[in-house]
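Me: I have a model open and would like to learn how to read its features. Could you take me through them?

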Amino acid sequence: MSFSVVALPMGWLHVDKGSLTYGKGYGTTMWIPVWAAAILGADYKILIDTGISDPAWVQRDLGMGCRQSSDEGIEQALKKIGWKADEVDIVINTHLHYDHIGGNVVFPKARFLIQESEWHHANQPLETQTWAYSERDFSATDYFRWTFLQGAYDVVPGVRIVPTSGHTPGHQSVVVQTPGGRVVVSGDAANLVENIQEEIPPTIMVNVHDARRSVQLLHRLAQFTIPGHDPDVKAYAENTNLPSVK
Ligand SMILES: [Zn+2]
């Protein structure tokens with residue numbers, strides 16, 4: 001089986017760089033992309049994360065700059081790769097923050113793979129993270145479509161979910177074997193390639209030890225990567241055209 005991983009553009013958020021790299025670069029604001037990904041070449045149609053559902057809500061309720069152009073978002077991305085929403089078999093949500101699950105609602109037949117510990121946290125978050133969970137978004141998925149995982153999980157041979165807690169208690173990343181090397185879709189365990197290369201934990205986290213162990217794990221595993229929010233990823237780039245990790 002020869003897999004390909006494709007970066008799908010979901011929109012943009014305006015943040016301080018220090019909020020991504022444990023304070024490094026604090027005071028520099030930047031627009032960061034929101035990435036989802038598709039795995040092509042499997043017997044199943046597999047997506048990783050589904051982006052933002054409502055940029056106006058992000059601006060109003062979170063007070064954060066947010067934009068999504070007419071060619072960004074999950075439905076536009078599906079068109080671009082030639083998939084229909086009701087053909088998608090599996091959605092892997094790295095975690096349940098609003099900017100990773102907003103498009104879940106458009107997949108009527110998919111199975112949604114998350115860590116059981118993430119489900120519990122989303123329903124009763126640490127107070128510092130209540131803002132990042134939108135109950136409207138995760139309750140939009142029929143409860144019986146969730147599959148609750150407890151640790152690493154092989155989705156199909158060559159596509160492995162690995163726990164990368166720290167950013168949230170039940171965060172997970174996805175490692176895909178492609179002909180050109182291992183591609184890691186990190187979610188927010190690493191916001192930027194820099195987080196992996198320099199083993200810098202993300203700033204938003206529930207546990208610094210776990211977050212640090214997770215970036216170290218990703219550094220060992222990744223040859224190429226789609227981090228959750230790196231501007232160096234190009235829309236629809238695949239495999240060896242994704243940022244490489246040294
Ligand atoms: Zn997050």
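This is a predicted model: local features need pLDDT of at least 70, side-chain atom pairs count only at pLDDT 80 or more; totals for chains, interfaces and linings use all residues.

Me: How many helices and strands does the chain have?

Reply: Helices (H or I, at least four residues) and strands (E, at least two) are DSSP runs, numbered from the N terminus. Here the chain has seven helices and 12 strands.

Me: What does the radius of gyration say about the chain?

Reply: The radius of gyration is taken over C-alpha atoms, and the globule rule is 2.2 Å times the number of residues to the power 0.38. For 246 residues, a compact globule would have a value near 18 Å; the chain has 16 Å, which agrees. Along its principal axes, the C-alpha trace spans about 45 × 40 × 35 Å.

Me: What share of the residues count as buried?

Reply: A residue is buried if 20 or more other C-beta atoms lie within 10 Å of its own, exposed if 12 or fewer, and partly exposed in between, with C-beta atoms placed from the backbone. By that rule, 51% of the 246 residues count as buried.

Me: In what order do the seven strands of the open sheet lie?

Reply: Strands of a sheet pair through backbone hydrogen bonds, either parallel or antiparallel. The criterion is that two strands pair if DSSP finds at least two bridges between them. The order is β4-β1-β2-β3-β5-β6-β7, with mixed pairing. β4 (66-67) and β7 (146-149) are at the edges with a single partner strand each, so one side of each has no neighbour in the sheet.

Me: Which strands does β6 pair with?

Reply: β6 (residues 111-115) pairs with β5 (residues 90-92) in the parallel sense over three bridges, and with β7, also parallel, over four bridges. Phe112 of β6 is the bridge partner of Val91, and Phe112 also stands opposite Trp146 in β7. Four of the five residues of β6 are buried, so this strand is largely enclosed by the rest of the structure.

Me: Why do the buried residues of α4 line one face?

Reply: An α-helix has 3.6 residues a turn, so residues three or four places apart point the same way. In α4, the buried residues are Glu118, His121 and Ala122. Seen down the helix axis, they fall within an arc of 100° (taken from the directions from the axis to the C-beta atoms), so they line one face. They pack against β6 and α5 (135-138), where a contact means C-beta atoms, placed from the backbone, within 7 Å.

Me: Which strands make up the five-stranded sheet?

Reply: This open sheet runs β8-β9-β10-β11-β12, with mixed pairing. Its edge strands, β8 (153-156) and β12 (224-227), each pair on one side only. Within the sheet, β10 (residues 172-178) and β11 (residues 181-187) pair in the antiparallel sense over five bridges, and Val175 has Val184 in β11 as its bridge partner.

Me: Is Tyr22 buried or exposed?

Reply: Tyr22 is found in the loop between β1 (4-16) and β2 (29-40). Tyr22 is buried, with 20 other C-beta atoms within 10 Å. Leaving out residues up to four places away in sequence, Tyr22 touches Ile200, Pro201 and Thr203. The C-alpha atoms of Tyr22 and Met205 are separated by 9.5 Å, though these residues are 183 residues apart along the chain.

Methods:
Residues are numbered from 1 along each chain as its sequence is written. Two residues are in contact if their C-beta atoms, placed from the backbone, lie within 7 Å.
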